[in-house]
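Please open the structure in your viewer and keep the selection panel at hand. The tour below goes from stop to stop, saying what to select and what is found there.

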Amino acid sequence: MINSIITPKLNYPHHTKQDNIHMNLSESTLNNLVQNFTYPIELKQIHANLIKSSVSPSILPLKKVTSVCALTTNFSYAQQIFRCLNKPEVIFWNCSLRDFAESKNPFNAILLFYQMREHNVCIDSFTCSYVLKACKELHDLVHGRIIFSYIEKLGYQKDLFLMNLVVHLYASCGDFDGARMLFDQMVEKDVVTWNIMITHLVKRGDVDGAYELFKEMPERSVRSWTSMIAGFVQCCRPKDALGVFVEMEEAGFRGNEVTVVAVLAACADVGDLDLGKRIHQYSNRMGFERNIRVCNTLIDMYIKCGCLDAARGVFREMKKRTVVSWSAMIQGLAMHGAAEEALKLFSEMIQTGVRPNDVTFIGLLHACSHMGLVNAGREFFASMNTDYGITPRIEHYGCMVDLLSRAGLLQEAREFIRTMPIQPNGVVWGALLGGCQVHKNIELAEEAIKHLQDLDPLNDGYYIVLSNIYADAKRWEDTARVRKLMRDRGVKKTPGRSIVTIKGAVHEFVAGDDTHPQSNEIAQTWDELLQLMKSKGYEPNTDVVLLDVEESEKEKFLYRHSEKLALVSGLINTSEGETVRIMKNLRVCEDCHAAFKVISEIVDREIIVRDRNRFHCFKQGSCSCGDYW
DNA sequence: GGAGTGTTTC
């Protein structure tokens, strides 16, 4: 096995330059000469001239010699040069190894390692570290294990640095159990060892296991805290992430740029604008405002907290922007229904010379579908491939089906799915189903649900939509049938949850919630509000209540939807004129949407609701979505 | 001459 690997095939560009180098070298030409060589053959010529002129080869620039020697197929020759440079030979090889490990073809580092063994170069711990690095780049556990056997043979198991590399390599090549075993066996561990394990536990989705280790570790660095915060964010537990952040502050640690990014991401997820703003100020105080990733995350945070203007501000202030900055902004404008501006921003981005990526197009298509820009959407979809060589992913197909379905082009959407080159997923059929609800097409909805029962059988949302469609058509028996189907399959309806932040404190409401300390006051205010709403023409839409109960009972359920409770609580606890921001885990219900429009006029306030899909900004009796959602 | 944390997604 090893023998086949030993045969070196180090590729280097063939060089044909045959300059004759003059025999009598002036000092300046000498200097010029020893600095200007790129290929082994040039080095050889220079070397020859140095010998002829009795100049010591040690004047050769070491870094250059090593990188050029790394290219040579003539190992013995390189060895000869290294030996006359008055330093341990292995140092030069290690430099070459590092260059290879960091190059586009890290496998050369592994080949070089075997050549070193073959030529009896004494390898040291640095040699091992560079080859391990190459193995990691290549995801090559086979050679990784071989290097580890050398480490054991040479007695380097006590080298913490190397052991950390090995643990990291094993874990990132999929042998987590092997990594864990090494970790458990290691007598001495440092912060890095623990951090590596925490990171990999998170990557496997075991964030609780990661937190156990985190609590167990004898000392923590900012990186440990950051890894833990980022870990909770990655595992969709932003509240726990913020909890760890609070602990970190209490422990007296101050976050770096990476911490800021992780915490801001958590703020974005839970919609904690107050904390987000505080982190923004901290970040500026620390001088992080020039960090592009920090700014990108700030944009995303402000967008997801409903502050489009603040996001625009951060975006405009950025000295440098990457495709991520533009894409985040385009996506944000899409979420807020500002399709025109999103499209304008895209043109601006192209003019600036930034190449869009696949995510940029998801944002663009998203913008088109939210505002019914069917033709623009179709053009963008075609242009992805023709103009930018980006192959549409399933997400793009999902956007297109969403765009067509919402616009009422249900047959075209169906045909689009039929001719898709990739297998449609639940999101694709779900988009069609959503369009069927808006445009009341029972037949296609039934077809969509057939596919969804296989593709995403436990997703309650789809059954609810179908049963809503039946309810809308007054087909109560079918409604009941769908609900029975859900019961039989053990599909539980996800309870609607809404949160509203009042003076920095998060208040969460579940539909029908009467556990809130202010629940009496909320009910009373609602009753008063309801009278005013009805006088303005609001009529409760009880069709959205899928319970088999009396009409008056249905109204009671309707009035205790989580977003209504959250809104009333927000109105009671904030001052006049203040904007109320609400976050909902599901899509906002049709009745609540109608109610919020009227309420925004009655109380003369802006109400911003972030639902699962997008933002609704209610103001003076209308919504920013233009009722197209 | 060597290690561990971060941004946009229907």
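**Stop one: a residue in a helix**

Begin by selecting Thr 127, whose place is in helix H8; helices (H or I, at least four residues) and strands (E, at least two) are DSSP runs, numbered from the N terminus. This is a predicted model, in which local features need pLDDT of at least 70 and side-chain atom pairs count only at pLDDT 80 or more, while totals for chains, interfaces and linings use all residues. Residues are numbered from 1 along each chain as its sequence is written, chains are lettered from A and ligands numbered from 1 in the order in which they are written, and side-chain values use heavy atoms, with hydrogens and water left out.

Thr 127 has a relative accessible area of 0%, so it counts as buried (buried means under 20% relative accessible area, exposed over 50%, partly exposed in between, with a 1.4 Å probe and protein chains only).

**Stop two: DNA strand B**

Which residues come nearest to DNA strand B? Of the 49 residues around DNA strand B, the nearest are Asn 94, Asn 195, Asn 296, Glu 395 and Asn 613, where a residue is near a strand if one of its heavy atoms lies within 4 Å of it. Sugar and phosphate make up 37% of the atoms of DNA strand B that come within 4 Å of the protein.

An N or O atom in the side chain of Asn 195 is 2.2 Å from a base nitrogen of DNA strand B, while for Asn 164 the distance to a base nitrogen is 3.1 Å, and for Asp 159 it is 3.4 Å.

**Stop four: aromatic rings**

Select Phe 113 and Tyr 114, an edge-to-face aromatic pair with 5.5 Å from centre to centre and 70 degrees between the planes. Rings of Phe, Tyr and Trp (its six-membered ring) pair if their centres lie within 6.5 Å; planes under 30 degrees apart count as stacked, over 60 as edge-to-face and the rest as tilted. Both Phe 113 and Tyr 114 are buried. Then move to Tyr 211, Phe 214, Trp 225, Phe 232 and Phe 253, which form one aromatic cluster.

**Stop five: two loops**

Finally, select Cys 236 in the loop between H14 and helix H15 (238–250). Although Cys 236 is not a glycine, it has a positive phi of about 55 degrees, and its relative accessibility of 65% means that it counts as exposed. Asp 604, in the loop between helix H33 (590–603) and strand S4 (607–610), likewise has a positive phi of about 55 degrees without being a glycine.

Methods. A polar contact is a pair of N or O atoms within 3.5 Å; within protein, one must be able to donate a hydrogen and the other to accept it, and residues adjacent in sequence count only if both atoms are side-chain atoms.
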